Amino acid sequence: MTEMGFLEKVIANSSLTKLFHKWLGIGKLLRQIEAGRPKRILELGCGVGTTTSFIAEKFTQADITALDYDEGQIKTAKARQSANDRLKNVTFVTGDAANLKFKPSSFDVVL
């Protein structure tokens, strides 16, 4: 797998990016999805799990698979997961969003 560059990681993992995702990005999208409805969710490009935590907070009953191509980001996400009970229904995996290994119709929602 590939890794993000240093500057990419700084920007993607910044507090400003987190606020953007929460209020304008993923937050706005999550408000469009009916709570409790999806049972299996796939998040592509999860990074260190910042937006994953927003998804897990809203969909507590769903099984969430969070995928990123950068192994370092996934390692950090897994470390954060062990300290955050809100992420107990999340599986972090390394993979390529352009070459998914899941069976068709495996997920109710893909973000």
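This is a predicted model: local features need pLDDT of at least 70, side-chain atom pairs count only at pLDDT 80 or more; totals for chains, interfaces and linings use all residues.
Reader: What is the order of the strands in the open sheet?

Author: The 4 strands of this sheet run in the order S3-S2-S1-S4, and their pairing is parallel.

Reader: Which strands stand at the edges?

Author: Those are S3 (90–94) and S4 (109–110). Each has a single partner strand, so one side of each is left without a neighbour in the sheet.

Reader: How many bridges are there between S2 and S3?

Author: Strand S2, residues 63–68, pairs with S3 over 5 bridges in the parallel sense. Within this pairing, Thr65 stands opposite Thr91 in S3.

Reader: And which helix packs on the sheet there, touching S2 and S3?

Author: That is helix H5, residues 71–82. The direction of H5 makes about 160° with that of S3.

Reader: Changing topic, how many residues has the largest nonpolar core?

Author: This core has 16 residues. Among those with the most contacts inside it are Ile41, Ile55, Phe59 and Phe92. Helix H4 (50–58), S2, H5 and S3 are the elements that give two or more residues to the core.

Reader: What does Ile41 touch?

Author: Leaving aside residues up to four places away in sequence, Ile41 touches several residues, including Ile55, Phe59, Ile64, Phe107 and Leu111.

Reader: Which residues form the aromatic pair?

Author: Phe102 and Phe107 form an edge-to-face pair, with 5.0 Å centre to centre and 90° between the planes. The structure holds 1 such aromatic pair.

Reader: Is Phe107 buried or exposed?

Author: Phe107 has a relative accessible area of 14%, which is under 20%, so Phe107 is buried. Phe102, at 34%, is partly exposed.

Technical notes: Residues are numbered from 1 along each chain as its sequence is written. Side-chain values use heavy atoms; hydrogens and water are left out. Two strands pair if DSSP finds at least two bridges between them. Contact means heavy atoms within 4.5 Å. Axes are lines fitted to C-alpha atoms, for helices over the stretch in contact, and angles run from 0 to 180 degrees between N-to-C directions. A nonpolar core is a set of buried Ala, Val, Leu, Ile, Met, Phe, Trp, Tyr and Cys residues joined through side-chain atoms within 4.5 Å. Buried means under 20% relative accessible area, exposed over 50%, partly exposed in between (1.4 Å probe, protein chains only). Rings of Phe, Tyr and Trp (its six-membered ring) pair if their centres lie within 6.5 Å; planes under 30 degrees apart count as stacked, over 60 as edge-to-face and the rest as tilted.
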